[in-house]
Amino acid sequence: MSDTSARVADSTGNWVDTLAPQWARPYLRVSRFDRPIGSWLLLMPCWWSVALASGMAHDTSRLPLTIVLFFIGAFVMRGAGCTWNDITDRDLDAKVERTRSRPLPAGQISVRQALAFMIAQALIGLVVLLQFNRFAVATGIASLVVVAIYPFMKRVTWWPQVFLGLAFSWGALMGFAVIFGRIDLTALVLYAGSIAWVIGYDTIYAHQDSEDDALIGVKSTARLFGAHTHQALILFYGLAVVLIGVALASGDVRWPAWLGLAAFAGHLASQIMRLRIEDPELCKRLFKSNRDAGLLLFAGLLVDAVMRAA
């Protein structure tokens, strides 16, 4: 094993590097607790969905606890998913400058240790999931199929971001499963809108690695779109706003939700205007800013739900 105190190249100066016990650092890094942005992005569709569903039900009694449970579930399941991703990608990660210092390719932990940690995180996620109704439990478990196949998609298709969208947007279905015990058309349209959003922001993210990906033969929408990325983002971010808007209209929301959607749309437009695909640091900042975009929409949906339940 290599030095467990060694830092990951694309994530330095965080709390794991400075505060976490040395033995725990590789595990926290392999689950991305040193950079929680992905957990936030996984969480956003969950919170949108439960806020919208609660507003439609005119009942916010379950909303506070569900928000907390989704928060815990998103963080541990994203951690489990990232651990699985690093296990499957360890040989590819060793060939990419930004990722070769991750715990598995750097030899800080073994595959067996990573698998054990992944199972432990998944069990915590299962405990969270079991707090909901049977339909929601089944819906949550079904997401594991998409999570399992996602890491392999970059090897076979130019559109791995679609499969990431299918996985990271699953929460758009979960809120309806929890509140209503079913998935209706409104939930499916919200899910589709979230998928378009994920394709957009992960294309920005993938531009950080486009040169290395080209060398090792890894496919992505960043490489596919290339110089046409801005036009592609207009398409996918625009589609996200339209589809989410259709879901809100179907849910008969009031003005706070529309204000949240407008703020969300403005944020996405700002990303497109500011983006320079040749600047990896800017790509990372714009990608991470999508948490704020998601929170703006959630804030509108939350106020709408409270108003409708009053």
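The buried residues of helix 6 are A114, M118, Q121, G125, V128 and L129, where buried denotes under 20% relative accessible area, exposed over 50%, and partly exposed in between (1.4 Å probe, protein chains only). Viewed down the axis of helix 6, these buried residues fall within an arc of 95°, so they line one face of the helix; the arc is that of the directions from the helix axis to the C-beta atoms. An α-helix has 3.6 residues a turn, so residues three or four places apart point the same way. The structure is a predicted model, in which local features need pLDDT of at least 70 and side-chain atom pairs count only at pLDDT 80 or more, while totals for chains, interfaces and linings use all residues. Residues are numbered from 1 along each chain as its sequence is written, and side-chain values use heavy atoms, with hydrogens and water left out.

Helix 6 has 19 residues, helices being DSSP runs (H or I, at least four residues) numbered from the N terminus. From its first C-alpha to its last, helix 6 reaches 26 Å, close to the 27 Å expected at 1.5 Å a residue. The cover over the buried residues of helix 6 includes helix 4 (63–88), helix 7 and helix 9 (171–180), with contact meaning heavy atoms within 4.5 Å. The face turned away from the buried side of helix 6 carries the exposed residues R112, L123 and V127.

I119 is also found in helix 6 and, at 48% relative accessibility, counts as partly exposed.

Notes:
Helices (H or I, at least four residues) and strands (E, at least two) are DSSP runs, numbered from the N terminus. The expected span of a helix is 1.5 Å times one less than its number of residues.
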